[in-house]
Amino acid sequence: MNAVIDFLNLIFWNYVLIYGLLAVGVYFTLRLGFLQFRHFPELFRCVIGSGETDKNGITPLQALTVSLASRVGTGNIAGVAVAIYLGGPGAVFWMWMVALVGMATAYSESALAQLYKVHGEGGMYRGGPAYYISRGLGLPWLGAIFAVALIIAFGLVFNSVQSNSIAEAVNGAFGVPKWAVGLATAGLTAAIIFGGIPQVARVAEIVVPFMAGIYLLAAIIVIVMNLPAVPGALWQIVGGALGLTEAAGGVAGSVAAAAMNGIKRGLFSNEAGMGSAPNIAAVATPDPHHPSSQGFVQALGVFIDTILVCSATAVMIILSGVMEPGSGVTGTVLTQNALVHHFGAAGGVFVAVAIFFFAFTSIIGNYAYAENAFSYLGFGSKTGLTVLRVAAVLMVIWGAIQSVATVFNLADASMGLMATINLIAIVALSGTVAKLTRDYLAQRKAGKMPTFHLSQHPDIGRGVDPEIWR
């Protein structure tokens, strides 16, 4: 089984997805006319909106914070450190490039999720890749495969990995036994996810801006404390990416290593094209009431995750000067050493607390995605969702006390499968994305508040719920 899983991961992550995710990002950037740059203010306009929603959905801000809860995880702390250790500071530049084109991919998949959403059990909006694969492409069986892969990866295994990170961090910083950390984390998780997506959204709306804000504030303080060294740090990032600075020793610093590690870290962190964030984008009541509106919101999520949060970690590491190529000190320990350099012993505690918040919010965000996929498979009843919630809580406990390496490989394979399916689907539906975008921008240009009326677009009506978009 391990051999099969390792082979699938080799194919998915070394060949299909590294190039596929990047190529699709470039494709949508070109096809949509550099939408994410030319209409950047629209990203914020669509998040702010009026703050109103109907009883079947959540607000655009809540959809953004839930997607950020999942996107911003321990990878923003440990993963960035690994990228810099293996690829040098130049890796950060390629993370930026991947995020900038990935914003177009995130826009496209979330606009589609909005267009093809439906009313689920109790009237709540449900949607995501499984739904636009089924309703837009007419392939319900492929949507089911996607849903199962998402539930395995995001609903179960990734939550055990995040729980493991929490247990390691709290145990290392405060000496609390891992089983106790696991039980406490599971209790907090249950208190939130048993309230369903609306409860997850309410918590994320408060916790995510707070945790991201504090982390970015720490980076700003570091920049101010080291202001004379900032131009040199930026030169290390740009020069390292383009081969204009000397390699920092070993493989670190080479152009190829910087590009590969930066691209990988960027893709894994922002999740653009993976098919995860569209599951929560579909639940939102968009404002303006147009599918493209949620596309802009989720494009902003990619920007915040990589351009802001990942960059914060990178800047704190580079300005600390604690990284030693070939030392073996990387991941969370490297980030922790950097914060200790800047803030003393309090820096180490800060990283442990940050890991807790980043990992815990990922757990509840991941659950929200899985709930939508579970509903697609026909298990959206109260009993069905209770089974999913109990399983998610048990995985949190298990992950805190067990090694998760083998199961994590299985989750990687599941995520690789779902991402591959999603990329094929959104490219196949790219004509629909282009029509939605033209309609939205034309209304904005005419000074109107964009509104989508299905009756005016009979060419994209197949599979779209006329009650939602009348």
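Axes are lines fitted to C-alpha atoms, for helices over the stretch in contact, and angles run from 0 to 180 degrees between N-to-C directions. The model is predicted, with local features requiring pLDDT of at least 70 and side-chain atom pairs counted only at pLDDT 80 or more, whereas totals for chains, interfaces and linings use all residues. Residues are numbered from 1 along each chain as its sequence is written, and side-chain values use heavy atoms, with hydrogens and water left out.

Helix α16 (residues 345-376) and helix α7 (residues 129-137) have axes that come within 9 Å and cross at roughly 35°, helices being DSSP runs of H or I with at least four residues, numbered from the N terminus. Ala130, Tyr131 and Ser134 of α7 make the contact (heavy atoms within 4.5 Å) with Asn372, Ser375 and Tyr376 of α16.

The axis of helix α15 (residues 331-343) comes within 6 Å of that of α16, and the two cross at roughly 135°. The pair is therefore oblique, a class that holds the angles left after those under 35 degrees (roughly parallel), over 145 (roughly antiparallel) and 65 to 115 (roughly perpendicular). From α15, Thr332, Thr335, Gln336, Leu339, Val340 and Phe343 meet residues of α16 including Ala345, Gly348, Phe350 and Ile355.

Asn366 also lies in helix α16 and, at 3% relative accessibility, counts as buried, a term that means under 20% relative accessible area with a 1.4 Å probe and protein chains only. Apart from neighbours within four places in sequence, Asn366 is in contact with Ser70, Phe154, Gly155, Phe158 and Asn159.

Note on methods: Buried < 20%, exposed > 50% of the residue type's maximum accessible area, 1.4 Å probe, protein only.
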